[in-house]
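Good morning, and thank you for making the time.

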Amino acid sequence: MKREKTLVTSAWPYLNVTPHLGNLVGSLLSADVYARYCRLKGEDVVMVSGSDEHGTPIEVEAIRLGVSPKELTDRNHAKIVGLLGKWGISFDNYTRTENPVHKEFVRKHLMEIYDNGYIFTKETEMLFCEKCNRFLPDRFVEGKCPYCGYERARGDQCEQCGRLLEPTLLIDPYCAICRSTPVIRKTKHWYFDLPKLSQEINSYLKGNDRLPTNAKNFSLKLIKEGLEPRAVTRDVSWGIPAPFPGAEDKTVYVWVEAVLGYVSATIEYFKNRQDPEKWKEYWFDKDAKTLYFIGKDNIPFHTVILPALLLASGEDYNLPWNVSATEFLQFKGEKASKSQKVGIWIDEALELFPADYWRYFLMCTRPETKDSNFSWDLFIEKVNADLNDTFGNFIHRTLTFINTQFNSGIPEAKALDVDAGQALENLKEKVEAVAKDMEDCKLQSAANTVISISRVGNQYLNEKEPWNLIKTDRGKAANVFYVAAQFVKALSVISAPFIPFAAEEIWKTLNLPGSVHDQKWDEALKPLPANYKITKAKPIFKKIDADAEELEDRLETIRESLTKTA
Ligand SMILES: [Zn+2]
Ligand SMILES: [Zn+2]
């Protein structure tokens, strides 16, 4: 049977700072949960992403730190790779934009677009800082957003309203390095003729029914307002040398190359596996799916710019099959900000609690239709009530009872009654509901349904009271635990995308062969046979016995010690 080809991607973390939970939830973590699900479904999955390391924010940061941009990104890339491993993010290829395959691909792709007539040059006026003696593209300049009035809009995009900007559009601009007021100078740049592709992008967007409403409406609105040509080159030194004739002293603008990284990361992955042509199956075979997991601030790059770049090559690339864009995860009602000490960063989080606690929390509150707000109280509630008291407790009480009362053997089921049949039917329906939600990228609902299965299991135990039954009718108690054991096995498989570490522990406690992550989704509903010996159960989660204030204090202490060691 031909396995379905699925390319799962997530927005490339930008390497100037460690991601915070809000960066993680919609992109890297969502992509991981989805990719893990697809692998369980037996699809031929490749999951790629990487560190986005060129561009002015890195250069600005490196200038501020007094190091070279490469030194800064080497350090930050190594750090993020380590952290993603600890978070259980299961990339097939997590690469970086400094990799040679990427640089070569970007230059080649841009020349194809150039040869097809989608690149033109224009002399423009750019902001120039006389004090720093440099042009001020993108984040070298800040000022007031002409659309929404946000005071600290950057030269490339307004963080508040999400609109793409040009430095000269900013009201009251100032140099981000020295804060002087810039002057205007002439410079020549190469531009991507985005308006030429409006028609094609419009029909792509209208014809794609899978795109979530937020991504679709936002993108169609951009097209209706009219697309503008976008500069492809920059007057900066940190980046990929521009390939166009006459552009030898320019570098490629980071927005172009970062999105092309999805293609180059796939190329690099198969090149490293000595199968250099196989990437094409994911990018050109019309039955292959490409999915992008991003935050909403990234929508235009994935629904307009990436499709445009792919279309302009004339090579019949697959356009995004789906773009799952989450809303923002806020902290205290605000966007995360390191300087304001608002937010939780992914390194700090793991110093506080194991990855699965965070993974579950972030997925069961994933901001899918509106911005969500992090609170310690909600975190404590989700971990204690859902993970510990419901999921963990159901599994632990079931397995411990089998350990002690049935000598660790799965009890034999004889003449299951109506209730048992109903419980198993309910389990089957819920497992199918999780699958349906996953396929629709409704990861929040899927995560909550996983917990609800253990809730059903707990209710079943409470109604049947097998701890009493065992004294009067051992056969009936055996039936109850036979059913409960099937719930545990199913939970191990279907929770694996969300809480991969705990799922593996449960799988091992059930003494099943191999790893839960190498199983197929159908395995969830394949019954454990009678007399199958399990190992000794251990509690899976620990209750958080601290209140919001104490956790905030602990975070503060961790933050201080991490800052010291950095
Ligand atoms: Zn704005
Ligand atoms: Zn300056």
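How many salt bridges does the structure hold? The structure holds 42 of them, a salt bridge being a side-chain nitrogen of Lys or Arg within 4 Å of a carboxyl oxygen of Asp or Glu.

Before I continue, a word on conventions. This is a predicted model, in which local features need pLDDT of at least 70 and side-chain atom pairs count only at pLDDT 80 or more, while totals for chains, interfaces and linings use all residues. Residues are numbered from 1 along each chain as its sequence is written, chains are lettered from A and ligands numbered from 1 in the order in which they are written, and side-chain values use heavy atoms, with hydrogens and water left out.

In one of them, Glu4 bridges to Lys289, with 3.1 Å between the closest N and O atoms. Glu4 belongs to the segment before β1 (5–10) and Lys289 to strand β13 (residues 289–295), so this pair ties together parts that lie 285 residues apart in sequence. Helices (H or I, at least four residues) and strands (E, at least two) are DSSP runs here, numbered from the N terminus. As for accessibility, buried means under 20% relative accessible area, exposed over 50%, and partly exposed in between, with a 1.4 Å probe and protein chains only. Glu4 is partly exposed at 38%, whereas Lys289 is buried at 8%.

A second pair consists of Lys103 and Glu98, whose side chains meet at 3.2 Å, N to O. Lys103 is partly exposed, with a relative accessible area of 25%, and Glu98 is buried at 16%.

Elsewhere, Arg139, Arg154, Asp156, Glu159 and Lys335 are joined into one network by salt bridges that share partners.

I turn next to a single loop residue. Where does Ala242 lie? Ala242 is found in the loop between β11 (233–234) and β12 (251–252), and is buried, at 7% relative accessibility. Its C-alpha atom is separated by 7.0 Å from that of Arg107, 135 residues away along the chain. Setting aside neighbours within four places in sequence, Ala242 is in contact (heavy atoms within 4.5 Å) with Arg107, Thr233, Ala247, Lys250, Thr251 and Val252.

Now to a sheet. Three strands form an open sheet in the order β7-β6-β8, with antiparallel pairing; two strands pair if DSSP finds at least two bridges between them. The edge strands, each pairing on one side only, are β7 (153–154) and β8 (171–175). Strand β6 (residues 141–144) is joined to β8 by three bridges, and Lys144 stands opposite Ile171 in β8.

Which residues coordinate the zinc ion (ligand 1)? The donors are the SG atoms of Cys145, Cys148, Cys158 and Cys161, at 2.3 Å. Donors are N, O and S atoms within 2.8 Å of the metal (3.2 Å for Na, K and Ca); water is not among the atoms, so sites may look incomplete. The angles among the four donor atoms run from 104 to 115°, and the site is tetrahedral, a term that requires all angles of four donors to lie between 85 and 135 degrees. Along the chain, the donors of this ion follow the spacing C-x2-C-x9-C-x2-C. Cys145 lies in the loop between β6 and β7, and Cys158 in the loop between β7 and β8. Cys145 is buried at 1%, and Cys158 is buried at 1%.

The zinc ion (ligand 2) is coordinated by the SG atoms of Cys129, Cys132, Cys175 and Cys178, at 2.2 to 2.4 Å. Why is its arrangement tetrahedral? It is tetrahedral because the four donor atoms subtend angles of 100 to 115°. The donor spacing for ligand 2 is C-x2-C-x42-C-x2-C. Cys129 lies in strand β4 (residues 119–129) and Cys178 in the loop between β8 and β9 (183–192), so parts 49 residues apart in sequence are tied together. Cys129 is buried at 0%, as is Cys175 at 0%, whereas Cys178 is partly exposed at 23%.

Finally, a search of the whole structure finds zero disulfides, a disulfide being a pair of cysteine sulfur atoms within 2.5 Å.

Key
Tetrahedral: all angles 85-135°; square planar, octahedral: opposite > 155°, others 65-115°.
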